[in-house]
Amino acid sequence: MKMIIAIVQSKDSNRLRKAFANSHIQMTQLSTTGGFLREGNATFLIGIEDERVQDVLEIIKKNAKSREQYVTSQMHMDVEGGSAFPVNVQIGGATVFVMPVEQFHKF
């Protein structure tokens with residue numbers, strides 16, 4: 001058995017949750033807000049049998065999209081110190097951890 005932790009952008013969480021439900025994959029979703037881009041995140045916790053790990057990873061890959069966004073950077077001030085300018089950053093996608101489960105109990 002494995003524990004999969006997937007952190008995705010909130011914009012992708014509904015689509016991802018529906019894809020898990022359609023594939024009969026039980027999960028727990030935790031939502032957070034904030035971060036330096038002021039974008040929300042969703043963390044999915046999934047306990048899954050070893051033979052279904054690839055299925056879960058494919059669902060995440062298909063439903064968690066990367067996108068570009070312009071943000072104002074305070075770190076790139078001109079010599080006079082007066083103005084910040086937009087910086088193009090890549091956001092979204094998924095950060096995924098797959099970990100072995102030593103024990104599993106359901107009470």
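Biologist: Which helix holds Asn63?
Modeller: Asn63 is found in helix α2; helices here are DSSP runs of H or I with at least four residues, strands are runs of E with at least two, and both are numbered from the N terminus. This is a predicted model, in which local features need pLDDT of at least 70, side-chain atom pairs count only at pLDDT 80 or more, and totals for chains, interfaces and linings use all residues. Residues are numbered from 1 along each chain as its sequence is written, and side-chain values use heavy atoms, with hydrogens and water left out.

Biologist: Is Asn63 buried or exposed?
Modeller: Asn63 counts as buried because its relative accessibility is 12%. Buried means under 20% relative accessible area, exposed means over 50%, and partly exposed lies in between, with a 1.4 Å probe and protein chains only.

Biologist: What is Asn63 in contact with?
Modeller: Leaving aside neighbours within four places in sequence, Asn63 is in contact with Asp12, Arg15, Leu16 and Ala19. Contact means heavy atoms within 4.5 Å.

Biologist: And which residues of α1 are buried?
Modeller: In α1, the buried residues are Asp12, Ser13, Leu16, Ala19 and Phe20. The helix has 13 residues and reaches 19 Å from its first C-alpha to its last, close to the 18 Å expected at 1.5 Å a residue; the expected span is 1.5 Å times one less than the number of residues.

Biologist: Where does α1 lie?
Modeller: Helix α1, residues 10-22, lies across β1, β2 and β3, and runs at about 25 degrees to β3. For such angles, axes are lines fitted to C-alpha atoms, for helices over the stretch in contact, and the angles run from 0 to 180 degrees between N-to-C directions. Just after α1, His24 takes a positive phi of about 55 degrees.

Biologist: Changing topic: what is the strand order in the sheet?
Modeller: The open sheet has 4 strands in the order β2-β3-β1-β6, with antiparallel pairing. Its edge strands, β2 (28-32) and β6 (94-100), each pair on one side only. Two strands pair if DSSP finds at least two bridges between them.

Biologist: How many bridges join β1 to β3?
Modeller: There are 8 bridges between β1 (residues 2-9) and β3 (residues 41-48), which run antiparallel. Within β3, Gly47 is the bridge partner of Met3.

Biologist: What about the largest nonpolar core?
Modeller: That core has 16 residues, and those with the most contacts inside it are Phe20, Phe44, Ile46, Val56 and Ile60. At least two residues each come from β1, α1, β3 and α2 (53-63). A nonpolar core is a set of buried Ala, Val, Leu, Ile, Met, Phe, Trp, Tyr and Cys residues joined through side-chain atoms within 4.5 Å.

Biologist: How many aromatic pairs does the whole structure have?
Modeller: The search finds 1 aromatic pair. The ring centres of Phe20 and Phe44 are 5.6 Å apart and the planes are at 70 degrees, so the pair is edge-to-face. Rings of Phe, Tyr and Trp (its six-membered ring) pair if their centres lie within 6.5 Å; planes under 30 degrees apart count as stacked, over 60 as edge-to-face and the rest as tilted.

Biologist: Where do the two partners sit in the chain?
Modeller: Phe20 is in helix α1 and Phe44 in strand β3, 24 residues apart. Phe20 counts as buried because its relative accessibility is 0%, and Phe44 counts as buried at 0% as well.
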